[in-house]
Amino acid sequence: MSEPLEQRRILATAIPGPRSQELAARKTAAVSAGVGTGLPVYVERARDGILRDVDGNQLIDFGAGIAVTTVGNGNQRIIDAVTRQIQDFTHTCFMVTPYEEYVAVAEKLNELTPGDHEKRSALFNSGAEAVENAVKIARHVTGREAIVAFEHGYHGRTNLTMAMTAKSMPYKHRFGPFAGEVYRAPMAYPYRWATGAEHCLEEAFEALTTMVHTQVGEENTAAVVIEPIQGEGGFVTPPDGYLARVADWCREHGILFIADEVQTGFARTGDWFACDHDGVVPDLITTAKGIAGGMPLAGVTGRADLMDAVHSGGLGGTYGGNPVACAAALASIETMERDDLRTRAKAIEGVVVPRLQALADRHGVIGDIRGRGAMLAIELVSDLKHKTPNPALTAAVNNACHAEGLVTLTCGTFGNVFRFLPPLTIGDALLTEGLDILDGAFATALA
Ligand code: PLZ
């Protein structure tokens, strides 16, 4: 049993403290400036909803390392599973001499992802790599090249996934040329839909299908790739029924429907996957982040006929499905099942949303509250009528939270979305304390 960490916020120094500042100076001298840090406190230990830094501060975690430590920081089952696996062996390369853990993770992915049909999975190291491989598979089986992605979409930082990612700064700026045959459709974004949220579903669907018909050709389109709730782009949540509509249309035209559930997957939204909410069964689904509690692991899961159409040796990589990462994934999934973390995600929504609503009523700068389960966000605007994005206020609130020892994250194409991604094992006391800090941060930033 590893040493527990008291689930209590402690401000021992200013944030960041002197030791963190020393390390930040070393970072500047040693690490590429291209790798930024959102909150430069250097972490020493983490358990459940608390991160302890090198100065003895204990911060409340509302970020979970961007939706990764879903089962809690320092989850005991993961520690035990990883420790056991490391003692047995750390690597053989699954493509050389395989091992059971990889197969067991694939079985779990096939079981838990939407749909009762026969499925297969392949494992990789990162979300971007999973998306790249889903596209490879889609192109291979359809014999078509075009990929449709969405405004505000985020799929990674590799060359192909940069092409699929919408936002230029910081992800794409001066990193081109990008991979070809990627087309972009408007996203069903109810809050910013020009003619009003009530027209969003119909008109967004129309815009997508018209774009494909006129600019690409359905018969040239291999796949539509969509995040069922967009992550980095601002937790944009399409209207209920939109995803099903798109999936049906894809099926009619032999286009694969690929759900990028790298951020939304694994109990985060209150279901195993965000597609479950809409009853949508994707042809292929990409997963990462919450799957393995911080060990690098990602997957592509899909219809057996598609996944098995690829020639042997066509998919793989030295580390993909590393045994230690697989052991962590099995422990992580077991925790989600045994501790019913999907229900916990819904309970978190029940605590957080009324507080965000109260904040919106109080200040008149929150245009939209959205998301699901423990994947929630508020969009900050200068005035409610014109919906002018307010990135300055978003940054000010974020900084004020950090100064009080609350780890928060922003997102959004306009940098004006404040997102909540706590570990699902965070206790209600810490959750409430974090929301109190957020209240204070708004009051400070608006003073
Ligand atoms: N698809 C939907 O959310 C990763 C990236 C943070 P990797 N999102 C966090 C940053 O600034 O790099 C993500 C995602 C969705 C794909 C990815 C990519 O996953 O594991 O970061 O490659």
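## Packing of helix 4 against helix 11

In this predicted model, helix 4 (residues 100–112) packs against helix 11 (residues 323–338) at an angle of about 35°, and their axes are 8 Å apart. Axes here are lines fitted to C-alpha atoms, for helices over the stretch in contact, with angles running from 0 to 180 degrees between N-to-C directions; helices (H or I, at least four residues) and strands (E, at least two) are DSSP runs numbered from the N terminus. The crossing of helix 4 past helix 11 is left-handed, a term used if the near helix is turned anticlockwise from the far one by less than a right angle.

On the helix 4 side, E101, Y102, A104, V105, K108, E111 and L112 meet P323, C326, A329, L330, I333 and E337 of helix 11, where contact means heavy atoms within 4.5 Å.

## Basis of the values

Residues are numbered from 1 along each chain as its sequence is written, and side-chain values use heavy atoms, with hydrogens and water left out. Because the model is predicted, local features need pLDDT of at least 70 and side-chain atom pairs count only at pLDDT 80 or more, while totals for chains, interfaces and linings use all residues.

Strand 8 (256–260) is mostly covered, with five of its five residues buried, that is, under 20% relative accessible area with a 1.4 Å probe and protein chains only. In a regular strand the side chains alternate between the two faces of the sheet. In strand 8, L256, I258 and D260 point one way whereas F257 and A259 point the other way, and all are buried.

Strand 7 (residues 221–226) runs parallel to strand 8 and is joined to strand 8 by four bridges; L256 is the bridge partner of A223, and F257 stands opposite V224. Strand 9 (residues 284–287) also runs parallel to strand 8, with three bridges between them, and L284 in strand 9 stands opposite I258.

## Two buried positions

T269 lies in the loop between strand 8 and helix 9 (274–277), and T269 counts as buried because its relative accessibility is 2%. Leaving aside neighbours within four places in sequence, T269 is in contact with I229, T264, A274, R372, G373 and M375.

M162 is placed in helix 6 (residues 159–164) and counts as buried because its relative accessibility is 7%. Not counting residues up to four places away in sequence, M162 touches G156, R157, Y171, K172, F175 and F178. M162 and V43 are 119 residues apart in sequence and 29 Å apart in space, C-alpha to C-alpha.

## Helix 14

At 1.5 Å a residue, the 19 residues of helix 14 (residues 428–446) should span 27 Å, which agrees with the 27 Å between its end C-alpha atoms; the expected span is 1.5 Å times one less than the number of residues. The buried residues of helix 14 include L430, L431, G434, L435, I437, L438, D439, A441 and F442.

Terms used
Buried < 20%, exposed > 50% of the residue type's maximum accessible area, 1.4 Å probe, protein only. Pairing = 2+ DSSP bridges.
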